[in-house]
Structure formats: C-alpha cells, structure tokens
Amino acid sequence: MSDSAVARDVTSETVRIPGHEGDEIEAYLAHPPGSGPFAGVVVLHHLPGYDEATKRIARTFAGNGYTAIMPNLHWREGRGASPDDAAAAVRAAGGVPDDRLVGDVDGAARFLRALPSASGKVGVVGYCSGGRQAFLAACRLPLDAAVDCYGAFVVDPPPDGSTLRARPVVGLAAGLACPLLGLFGAEDTHPSPAETARLEQELARHGKTFQFHTYEGAGHGFFAVDRPSYRPQAAADGWTRIWDWFGRHLSAQ
C-alpha cells in the first residue's frame, strides 16, 4: 500500500524495546493522529527483513487508527547492517528461532500496552515468514486478534535442501488464544491451498474462531507493492478484510 493511503499526520520513530530474555532490540513505532485510546498492532516483517516496505505497512496501520510496532526480528544478527545483509545472516543461521520470536513479540505487545494512549487490545499481523510467526505468537501469547498473510511452514516443513530450520507449528492450534484471519494465494506453493485446508480442519476441530480466504490468480507475496508478485485486487480486498477483522476484535467494546 502506498504512502498516499497513509494519513499525513501519522508520526513514526525508532525505539528500543525489551525482547526475548531481556535483550534490547530495535523496533519501528508508528503513531496514529489523535490522543486515543488506540488498539495496538505488532507487525511482523517478512524474511527479506526489517525493510522500508514493511515500515510503510506499519504506517498504514497507524493511518487507520492503530498504534503499530514492527520489532526488528533480525536485530541480533544484523545490528548496523542493511536489511538484505541481516536477512542473509538469518537465512544462513536457519531462520529466527521460535522461542526468540515469541519473546520479541511479547516484548512488543507489552510495550504497546504500556503506552499512555493504549486501549489495552493488541493484535498481530505477519507476512510470509511473519505469517507463520503471527500464528505461532497467537498460539503462545495472550493476544486479541491475529492475521496470517500467506505464512509458510505452519503445516508442512520446508522443502528438502532448504537452509531454514522452521518446523510445522500446526500442533499448537489447540492453544490459539484469539480469532485468526488467514489470507492466501491459490497459486502459492508455500503454503499451498492443500496446506491451508488442513490448517482449517485443525482449527475447526478445536472450535477456534477463524476465517480464511484464498485469492485466485494470486501467489505468494501478493500484498508486496514493490515486487512482481503484487496483485492489486487481491491486496485491496485483503486490506478490507484486515480492517474488518481488527475493527471487530480490537475494538474497545
């Protein structure tokens, strides 16, 4: 989504927050206009990293009335490095460890809830690897709503030969603590429609509140305006569904 869709009086800053095991990590914080109270959204970037494209997404949430924070999940490997170099180091290490991810999201959520303008409600949204991480965090932390945008390796492991050590987390579905929205592409292979169907079955088996939507003609990364994978119609409808989901589940009522 372009900056033209973001309110002009959104402000943003770089902050330090306590992450996993008390580590101090960098995060990008975007403030909506006004005095609140505002619900918060933890934005989880994709594996390409803590980049300008995902910062733009955080500002988009702020422009729509949410205080948004994007923790730098690659901070430890790439302190002072470019997002590309940090992402390369993380890939070489097998990806962000799951326990560390949960600790960093917990720190970000606590930071949001402590702000004077906070309503107390916090959601999480993630893209690509961040989609899997949003599901993981929502299964292990007391969050109020979650959105998984084409998160890979929730159900099936990475393909043979992959350097990523991500393992399926579908077994955590019984612990999902909040309503989950899933947005996927019919032409994606990670996750494939067959994988998302199996995740739906597992969530239904546990009586969870969820809603999945799969877009025809879209593959992985259809929200990414700076990539060939961008699909404007799917992305526009996806944003509408996100606003409705968070509007329902992060409202003060």
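Analyst: Let's begin with a rule: two rings of Phe, Tyr or Trp (for Trp, the six-membered ring) pair if their centres lie within 6.5 Å, and a pair is stacked if the planes are under 30 degrees apart, edge-to-face if over 60, and tilted for the rest. The model is predicted, so local features need a pLDDT of at least 70 and side-chain atom pairs a pLDDT of 80 or more, while totals for chains, interfaces and linings use all residues. Residues are numbered from 1 along each chain as its sequence is written, and side-chain values use heavy atoms, without hydrogens or water.

With that rule in hand, look for one aromatic cluster made of Phe61, Tyr66, Tyr127, Tyr150, Tyr215, Phe222, Phe223, Trp239, Trp243 and Phe246. Across the whole structure, a search finds 14 aromatic pairs. Take Phe184 and Phe212: their ring centres are 5.1 Å apart and their planes stand at 70°, so this pair is edge-to-face. Phe184 belongs to strand E7 and Phe212 to strand E8 (residues 210-215), so the pair ties together parts that are 28 residues apart in sequence. Those labels come from DSSP runs, numbered from the N terminus: helices (H or I) have at least four residues and strands (E) at least two.

Now go back to Tyr150, a member of the aromatic cluster. Tyr150 sits in the loop between strand E6 (145-149) and E7. Here is something to notice: most residues other than glycine have a negative phi, and most peptide bonds are trans. Tyr150 has a positive phi of about 45° without being a glycine, and it is buried, with a relative accessible area of 3%. The loop between E6 and E7 also holds Phe153. Phe153, not a glycine either, has a positive phi of about 65° and is buried at 12% relative accessibility.

What follows E7? The loop between strand E7 (180-185) and helix H6 (193-205) contains Pro191. A cis peptide bond joins His190 to Pro191, with omega about 10°. A cis bond also links Gly36 and Pro37, where omega is about 5°. Pro37 is in the loop between strand E2 (24-31) and strand E3 (38-44).

That brings us to E2, which is mostly covered: six of its eight residues are buried. Two strands pair if DSSP finds at least two bridges between them. E2 pairs with strand E1 (residues 11-18) in the antiparallel sense, over eight bridges; one of the bridges joins Thr14 to Tyr28 in E2. E1 and E2 form a hairpin with five residues between them, and Glu21 in that turn has a positive phi of about 55°. E2 also pairs with strand E4 (residues 67-71), again antiparallel, over four bridges. Ala27 has Pro71 as its bridge partner in E4.

Notes:
Buried means under 20% relative accessible area, exposed over 50%, partly exposed in between (1.4 Å probe, protein chains only).
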